Amino acid sequence: MEASIAVWIYEKLLQLDMGKITEKLLLEKCTPKNTKLEQVKTLNLSKLGLKSSDLPVPLLSRLRCLEQLDLSGNRLQEMPSGLVLPSLRSLDLTNNEMEDVTTLDTLTTLEDLRIEDNLYITVNDNYKLIILLPKLRFYNGKDISNTANHVRYANSENLRKRVLALWETSFSLPDHRTAEKLAIVERDFVSAVRHKVKYGPSSLTDYTKWRVEMMAKEHLRSLTEPNEEHRDTAEPADTKENGNFPFPAKRKRSASAVKSDVTLNPQKIARSSRLQSIPHKAERPISTTPRTHKAAQIPATPIRGQSKLLVTPGNGLREKQHQSKEDMPLAKRTRKSARQQWSTEVNETPGKVICTKSQHSSQEPVSLQPLHVLQCHSKQDSPDDFSTQLWACSFQPPLDYNGDVNGATRIVATCGGESVCLIDCETGLVMKKYKVPGEEFFSLAWSTVLMSRKGNICLRPCSILAAGGKRGLVKLLHPRANMAYGEFRASRKALSILCFSPRQGNLLFTGSYDKNILLWDIGGVDSDYNFKVTQLLVLETTSTPLHFCLPPATPDTHLIAACEKGLHSYNIQLNKDPKKRSEEMEITFPVYEKDKDHDYHTIDGLGFLTNDVVASKSHMQGSIYLWSWNDTRAQRPNRKKKKKEVCAVILVELQWSSTDIPYLSLNTCPSKGYVVCGDERGRLWTYHVTDLKANFRSGKAIPATEILAWPLPVRNGQGPVEGPPINSVAMDPELRYLVALSDKNMAVVWIRTESS
């Protein structure tokens, strides 16, 4: 113990001491030892906590003979401008924070580059590196010679032909060449090639625009300065999504790496006029026959269950037993997980249920049974993919189906890995699937916007879905029309949460890892899916936002943000200034878990149960608080006071798991008075709250109404699988269905049944 503390202290002191790169340090870190920088060939500057600004270009430029440089384990976002190392052959940038790979363009002699574990490096950056580093042969330890040649030459020629064809048909040099006129021609030509030259998969759109812009400028220089030599490195308009190119591993919100799923990358998916046109009839949920469904690129046709497994709850699942009449109902079920090609061998007694009726309840608690378990986010349809983490789910609103609540609320959207899926909860069919190679989706949100028809004469509401993740891009989808109609960049870093205003469907809040909350107006769409995005507000926070809630009674005036370092309230009225705002108040709670190194203020669950009552939980709290928003806000500090902290007015504490796993979010169903939260063992803790005044007793934590478990299906040839952590839960407004997403690539659909 003492030794480990000593090592930790030493590393911290080392980081402080090494913040400034000196000649002495460089000579100490080189191998073999040398007395002159000009003769150093190998240098190890790993794990020094270096930022880009810590790298002194004049000093490093003296390393004329340097061949190998290790900068792994630092905090570099880019390479410093003007750094030239003419002999450098090998560079290790593993485990940094690299965002801009174009800053490596001066290191043209590089042959071997390692850049794994840089969260913000995308598939487009990989192709840019091939162009920028003409001698690059080894990437992340793999030989990419064949792919690099294909990118630099074959695909380059295809792009160049398109650029030249556009010039020949639409542009020419002005008769009287002045700097001003040439600048206008360059601007218009570059804009045209970026928008009109299309080639390769949509996953490489950013790269293609970057490369054709480069080619357009090179072509103009060749016409205006014909004697000047230009570097003519060819490039990819990649015909393969991933080619043979070994892309770097990505980092996730939690410790385990998330992998992604199957097919599809539609900018336009085959159009379907009707969601209900199902060529294959779905098997009924209660079945004794195992079913395995494969995912496909979903055009108009629903997919049969995508690695679906059905579970048969046994007749003896529920055993009633009474407890104290003062307590709310308590029930227990043990929940165990399911996998892809499951047999329906179900343990006869997967768990006991203890249930008591509350004498105060005006409604009976609902009875839920497991209906489907699916693996619809598997990478390459692999039945062995249990590493893709599923992060968010939400039920579709009814307006896109002319108010048909029964039809609309059966559809739930789920996201995780590279894909977003739309699942029919009744049949277990995956109705739609959207995939973006290289993306990891962390959040999604439904909304209703207006679509204009011919000449803006007629407007109609349509349900859209927004999804975002590690790339910082918001993808806009219109599922009913099978259209991924647009995207916009909301952050340079990963998006953690999306939330639409329930009152103004065109207003979208985004939270990201750059510790900002932004409000956007995404407008409506026309019949050609043209849209316009405008940024309206910037809300500053000191940590990553995890969940948003807009008070049901005042969604236009306040936003509550659950963050890594606390719960914050913001004034979001658009008729007030400034447009960049700090928090109005921080809402604090009586219990925050602490240890010698940390004071955990992480709020990782948040939801309104009524117009006033809020459910929230803290990381490692072991319980869920129900508190009053109105009474808490009434205590808000005077604007003149610097301290903005306000203690939440706690109504009751609900017993929950004592796990230390973060980001297990809760959900609420106000119409049925339900709070539900999953735990680290795959269980669902459900709380039926109907009579607030009668049920709440100060000072005593209330047990769960029921603790549900999934029914322990068994994979073919395999034994039962332990229940995984439940990251997210969603309920439709009438609690007909409940969907739980796990950390191990399994989505569980529960259905409400008649009480026995």
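Strands here are DSSP runs of E with at least two residues, and helices are runs of H or I with at least four. With that settled, here are a few notes on this predicted model.

1. Let's start with the annotated repeat. UniProt, in an unreviewed entry, places a "repeat: WD" feature at residues 488–522. In the model, this span is 57% strand and 0% helix. The C-alpha atoms at the ends of residues 488–522 lie 10 Å apart.

2. Next, a cis peptide bond to look at: T31 and P32 are joined by one, with omega about -10°. P32 belongs to the loop that runs between helix 2 (23–29) and strand 1 (42–44).

3. Please look at D577 and P578 as well, where a cis peptide bond has an omega of about 0°. Here P578 lies in the loop between strand 24 (566–571) and strand 25 (580–581).

4. On to backbone angles. N95 is not a glycine, yet its phi is positive, near 60°. This residue sits in the loop between strand 3 (90–92) and strand 4 (112–114).

5. D117 is another non-glycine residue with a positive phi, about 55°. You will find D117 in the loop between strand 4 and helix 4 (123–132). D117 counts as partly exposed because its relative accessibility is 29%.

Note on methods
Residues numbered from 1 in each chain as written. Predicted model: local features only at pLDDT ≥ 70, side-chain atom pairs only at ≥ 80, totals over all residues. Heavy atoms only, no water. UniProt positions renumbered as here; feature names shortened; annotations may be inferred. Buried < 20%, exposed > 50% of the residue type's maximum accessible area, 1.4 Å probe, protein only.
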